[in-house]
Amino acid sequence: MRAVLALFLLASVAAPLGASAMTLPEAIALARRANPGLAQVQAQSDAANARLAQARSGRLPSLTLSGESASGTTDLGGFFGFGQSDVSPRAASLQLRQPLFSGGGVSAAIAQAAEGKAAALAQVGGATAALSAEVASSYVGVLSAQDMVALSRAQLAQMEAITSQAQLRFKGGEIPRTDLDQAMARQAESRAGLARAEGQLARSRAHFVSVVGAEPNGLEAVVAPPATPASLDEAIATASQSSPMLLAAEAAERAAQAGVRYAKADRLPNLALTATASTARDQFFPGYSADGVMVGVQGRWTLFSGGAVSGRVDEAGAALRAAQAGLKSAKAQVREAVIGAWGDVDTARAVMLAATDQASAATSALDSVRNEVRVGQKPVLDLLDAEREALAAQSALVAARGEVTVSSYRLDALLHGQ
C-alpha cells in the first residue's frame with residue numbers, strides 16, 4: 001500500500017502546476033472540432049447532401065430567361081422595298097418548363113443521391129468513432145507514460161537508498177563487495193529505466209497534440225470505458241445492425257441499384273410541359289416586331305445511340321456487382337474485426353485482474369524481503385530482485401488498465417457510429 005500511495009503522490013507532483021484539468025470526453029470533443037481527417041469526411045458528406053438537392057431539382061419546374069441585343073447594318077437589296085438600313089435587333093424569351101415523365105430517371109437519380117448521402121453519413125459516423133478510439137489511445141498513452149515515470153522515479157529513489165545502505169554495510173564488513181556492486185548496477189539500471197520512461201512520455205505527449213490539437217496538461221483519470229455488449233453473439237448482432245462500415249456498404253449497394261435504373265431510363269421517352277413568352281424587335285427587317293406566347297409539350301426519345309445507352313447500362317450493372325461484392329466483403333471484415341476486438345476486450349480484462357493480483361503480491365513480497373534483509377536473513381540481491389519484480393508488476397498493471405479502456409473504445413468504434 002505504501003508503494004501505491006507513493007505512486008499517486010509522485011503522479012500528482014509530476015502534473016504541471018496551474019494546468020486546467022481535461023477529461024477524456026473533453027479531449028474527444030476537442031479532436032472532433034479540429035481533426036483535419038474528420039473535417040475532410042464531413043466535407044464529403046456535405047457534397048453528398050448537395051448532390052441530393054441537385055437530383056431533387058429534376059422534379060421541379062425551371063424558369064429560363066434568355067435575350068440578345070445588337071446593332072448593325074443590313075442591306076436587303078431592295079427586297080420588299082428595303083435597301084441598306086441601320087438596325088438594332090433585340091429578342092427576349094421567358095420559358096417555364098415542368099418535367100412530366102423521364103422514364104424513371106429523375107426518381108432513380110434522387111434515390112441514388114439519397115443512398116450516397118446515407119453512405120457518407122455512415123462514413124462520418126465511422127470516422128468519428130475511430131477518432132474517439134484514437135483519442136482514447138493517445139489519452140491513455142499519456143496517463144500510462146506519466147505513471148511509468150512516477151514508478152521509475154520511485155524505483156530509482158529506492159535503489160539509491162539501497163545502494164547507500166549497501167555502501168555503509170560494506171564499509172562495516174557486513175556484506176561482500178559483490179552485493180555492493182550489484183546494488184550499484186541496479187541503480188544504474190533504474191536511471192536508464194527512468195530515461196526511457198521520460199522519453200516515452202515525451203513521445204506520448206507529442207502524439208496527443210497531433211491527435212487532439214491541445215497540450216495534455218492535467219489529464220484526469222479515465223472514469224470508465226464505454227459499455228460493451230454482454231456476449232460476443234450480442235456484439236456481432238449489434239454490428240450487423242449499426243456498424244458504420246456495414247451501413248456505408250449497404251447504402252452503396254442501394255445506390256448502385258438506383259444507378260442501374262437511372263441508366264435504363266435513357267431508353268424511354270422524356271416529356272415536359274412548356275410555356276414560353278417571347279418578344280423580338282428588328283429581328284429580320286427594319287421596324288419588324290413580334291410578340292408571342294406559346295404553351296405546349298416537348299418530348300424526346302432516343303431511338304438509336306450507337307450503343308451509348310447500352311454501354312451505360314452495362315457499366316451501371318458492373319458497378320452494382322462490385323457494390324454487392326463490397327457488401328459481402330464488408331460483412332466478413334466486420335465480423336472478423338468484431339471477434340478480434342471482443343477478444344481484445346475480454347483478454348484485457350482478464351490480464352488486468354491478473355496484473356492486479358500480481359502487483360499486490362509483489363508489493364507484499366517486497367515489504368517482507370525488506371524486513372528480512374534488514375535483519376540479515378536474506379542478502380541484498382534478494383531485495384534488488386524484489387524491487388525489480390515489484391516495478392515490473394506495477395508496470396504491467398498500468399499497461400493492463402490502459403488496454404482495457406483502449407480496447408473498449410476500439411470495439412465501440414466497430415459497433416456504432418458517433
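Colleague: How many helices and strands make up the secondary structure of the chain?
Modeller: Helices (H or I, at least four residues) and strands (E, at least two) are DSSP runs, numbered from the N terminus. This is a predicted model, where local features need pLDDT of at least 70, side-chain atom pairs count only at pLDDT 80 or more, and totals for chains, interfaces and linings use all residues. Residues are numbered from 1 along each chain as its sequence is written, and side-chain values use heavy atoms, with hydrogens and water left out. The secondary structure comes to nine helices and six strands.

Colleague: Is the chain spread out or a compact globule?
Modeller: The globule rule is 2.2 Å times the number of residues to the power 0.38, and the radius of gyration is taken over C-alpha atoms. For 418 residues the rule gives 22 Å, but the chain has 38 Å. The C-alpha box along the principal axes is roughly 140 × 50 × 35 Å. With a radius well over the rule, the chain is therefore more spread out than a compact globule.

Colleague: What share of the residues counts as buried?
Modeller: Buried means under 20% relative accessible area, exposed over 50%, and partly exposed in between (1.4 Å probe, protein chains only). Of the 418 residues of the chain, the buried share is 34%.

Colleague: What share of the contacts joins residues at least 24 apart?
Modeller: A contact means heavy atoms within 4.5 Å. Count the contacts in the chain between residues at least 6 apart in sequence. Of these, the share joining residues at least 24 apart is 81%.

Colleague: Which strand pairs with β5 over twelve bridges?
Modeller: Two strands pair if DSSP finds at least two bridges between them. β5 (residues 270–281) pairs with β4 in the antiparallel sense over eleven bridges, with Gln95 and Thr276 as bridge partners. Ala275 has Val295 as its bridge partner. The antiparallel pairing of β5 over twelve bridges is with β6.

Colleague: Does strand β6 lie buried or in the open?
Modeller: β6 covers residues 289–300. Of its twelve residues, the number buried is zero, so β6 lies largely in the open.

Colleague: Which strand is joined to β1 by eight bridges?
Modeller: β1 covers residues 62–69, and the two strands run antiparallel. Glu68 stands opposite Ala91. The partner spans residues 90–101 and is β4.

Colleague: Is Leu411 buried or exposed?
Modeller: Leu411 is found in helix α9 (residues 380–415). Leu411 touches Thr228, Pro229, Val338, Ala341, Trp342 and Val345, not counting residues up to four places away in sequence. Its relative accessibility is 0%, so Leu411 counts as buried.

Colleague: Which residues does Ser243 touch, not counting those up to four places away in sequence?
Modeller: Ser243 is found in the loop between α6 (232–242) and α7 (244–264). At 3% relative accessibility, Ser243 counts as buried. With that exclusion, the residues Ser243 touches are Thr238, Val334, Leu414 and Leu415.

Colleague: How far apart in space are Asp46 and Lys117, C-alpha to C-alpha?
Modeller: Asp46 is found in helix α3 (residues 36–56). Asp46 is exposed, with a relative accessible area of 54%. Asp46 and Lys117 are 71 residues apart in sequence, while their C-alpha to C-alpha distance is 8.4 Å.
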